[in-house]
Amino acid sequence: MKGGSIPMHGAAIMPSPVLLWRFKVLLFLVWGISCCKIGWDSVMRMSADLRDLFLYEAFLYYNPLLLVTLMVWLWGVNLWVFAQSSVSYAKVFDLDHTHLTYREIWKCSTWMTIIVPTSMTAYLYLYSHGEVSLAASQPVMLYTVMLMLLVFPFDIFYLSSRYYLLRTLWRIILPLQAITFSDFFLADILTSMSKVLSDLERSVCRMVNRQVATIAWFEADSICGSHSLAIPLVLVFPYLCRFFQCLRQYKDTKEKTSFLNALKYSTAVPVIFLSALKYHVFPNKWTNFYRPLWLLSSVINSLYSFYWDIARDWDLSVFTRIFKFKNPHRCTSLLYGRIWVFYWVIGSNLILRCTWTYKLSAHLRHNYLTVFTITALEISRRFQWIFFRVENEWNKMTAKQSIELSTEDVPKEEDRLLGPASHSM
């Protein structure tokens, strides 16, 4: 019909993005409140004498994945800030055009935020209602699914990014080739998550030995108990990987800083093993001999690591551009060039470097909520460390490119002597 109504297309009846976003936030809040309510009611159903044991076991299975989820969220924030600033993180990490953006990182972390607490709520509910076998299957299924998603060989779920991560992990475990920035950057992050790796080992150990949703594991000297020798070995593993990376860099470059960096990572070894000795020596010997050595090694490790962060990883001159966005932004006026940012970063780094010793010391890890809090704080410290470490590397890259361009513009000696080629005979 001429002058009739325009036919409505599918795009015309779609709700606005703002409405969809609000609807998603509402669903997320309903889901979160429901999980908290079901989990709290499930815990309260248990007797007081078994409640702490039950919560400790549930915490052990889900604490590592919750902390990994936090790390993924914060990594998305890192990428968002880099994308808004003049720091090209893709060039720093030598990423191709298929790398994940901050939006895709946040999408992954959102799903992790939904799946992990849902599995934990199901575990609490089933166990408290007597369905022990079904409860035991919850963490097992969760770990299995996440492992399968990580190694899935088909071109779905960001195949190139997953395999980039796996290749980098393999290069960290076996540093037989030249060390790239991505190699030691991820290895540094793993040192901040050494407690997460230790809890993962203990969780998998209990799953393999069928100790999930039981109290058989609570014996300290059992194969998966708190006195297991595997705990200090897993704690020290990221530091050893980083140590051998530095030695490989020293072999390739002959730079003294690489050797001194290796020495820094070696200072974590006595902190970990002197702490673990408490469970394997007489109490008097620990108090009079090993504990003073542990305190001394803790102070050395904390201060050495703090110095290296400030003087080497950040170089102090990196406080120049990371919070200056390319487009006008409220964060620029709040953070860029503010002296309080310097004091906050340096002061918080020193404090959290010292408290991190708590995490490396197995004999101090009795209150799981305290351990979780300190681990989350260490992840936050690493989060702010990433900003300045990546920018420092970007500054080095741009400075090197500027020097190369300036040397190309300088005429060669023979060109200056011969003069212009086009002259009359």
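Asp188 and Arg242 pair up through their side chains in a salt bridge, 3.2 Å from N to O. By salt bridge we mean a side-chain nitrogen of Lys or Arg within 4 Å of a carboxyl oxygen of Asp or Glu. The pair ties together distant parts of the chain, with Asp188 in helix α7 (residues 181-192) and Arg242 in helix α9, 54 residues apart. Both Asp188 and Arg242 are buried; that word stands for under 20% relative accessible area, while exposed is over 50% and partly exposed is in between (1.4 Å probe, protein chains only).

Keep in mind that this is a predicted model, where local features need pLDDT of at least 70 and side-chain atom pairs count only at pLDDT 80 or more, while totals for chains, interfaces and linings use all residues. Residues are numbered from 1 along each chain as its sequence is written, and side-chain values use heavy atoms, with hydrogens and water left out.

## The chain as a whole

The protein chain has 16 helices and zero strands. These are DSSP runs numbered from the N terminus: helices are H or I with at least four residues, strands are E with at least two. Of its 425 residues, 41% count as buried.

Looking at contacts (heavy atoms within 4.5 Å), residues 24 or more positions apart account for 72% of those with a separation of 6 or more. The chain exposes about 24300 Å², and carbon and sulfur atoms supply 69% of that; the areas come from the Shrake-Rupley method with a 1.4 Å probe, and for residues only the protein chains shown count as cover.

Asp309 bridges to Arg353, with the closest N and O atoms 2.9 Å apart. That joins α12 to helix α14 (residues 339-360) across 44 residues. Asp309 sits at 0% relative accessibility, so it counts as buried, and Arg353 is buried too, at 10%.

Asp313 bridges to Arg389, this time with the closest N and O atoms 3.7 Å apart. Here α12 is linked to helix α15 (residues 368-409), 76 residues along. Asp313 is buried at 8% relative accessible area, and Arg389 at 6%. Salt bridges with shared partners also join Asp309, Arg353, Glu378 and Arg381 into one network.

Helix α12 itself (residues 283-313) bends by about 45 degrees at Tyr290, with Pro292 following within four residues. The bend is the angle between axes fitted to the seven residues ending at a position and the seven starting there. Just after α12, Asp315 has a positive phi of about 65 degrees.

## Thr113 and its neighbours

Thr113 lies in helix α4 (residues 102-128) and is buried, at 18% relative accessible area. Its side chain makes a polar contact with the side chain of Trp73 at 2.7 Å. Leaving out residues up to four places away in sequence, Thr113 touches Phe28, Trp31, Thr69 and Trp73.

A polar contact is a pair of N or O atoms within 3.5 Å; within protein, one must be able to donate a hydrogen and the other to accept it, and residues adjacent in sequence count only if both atoms are side-chain atoms.

## Two loop residues with positive phi

Asp94 has a phi near 55 degrees, positive although the residue is not glycine. Asp94 lies in the loop between α3 (89-92) and α4 and is exposed, at 66% relative accessible area.

Lys254 has a phi near 60 degrees, also positive in a residue other than glycine. Lys254 is found in the loop between α9 (230-253) and α10 (256-266), exposed at 61%.
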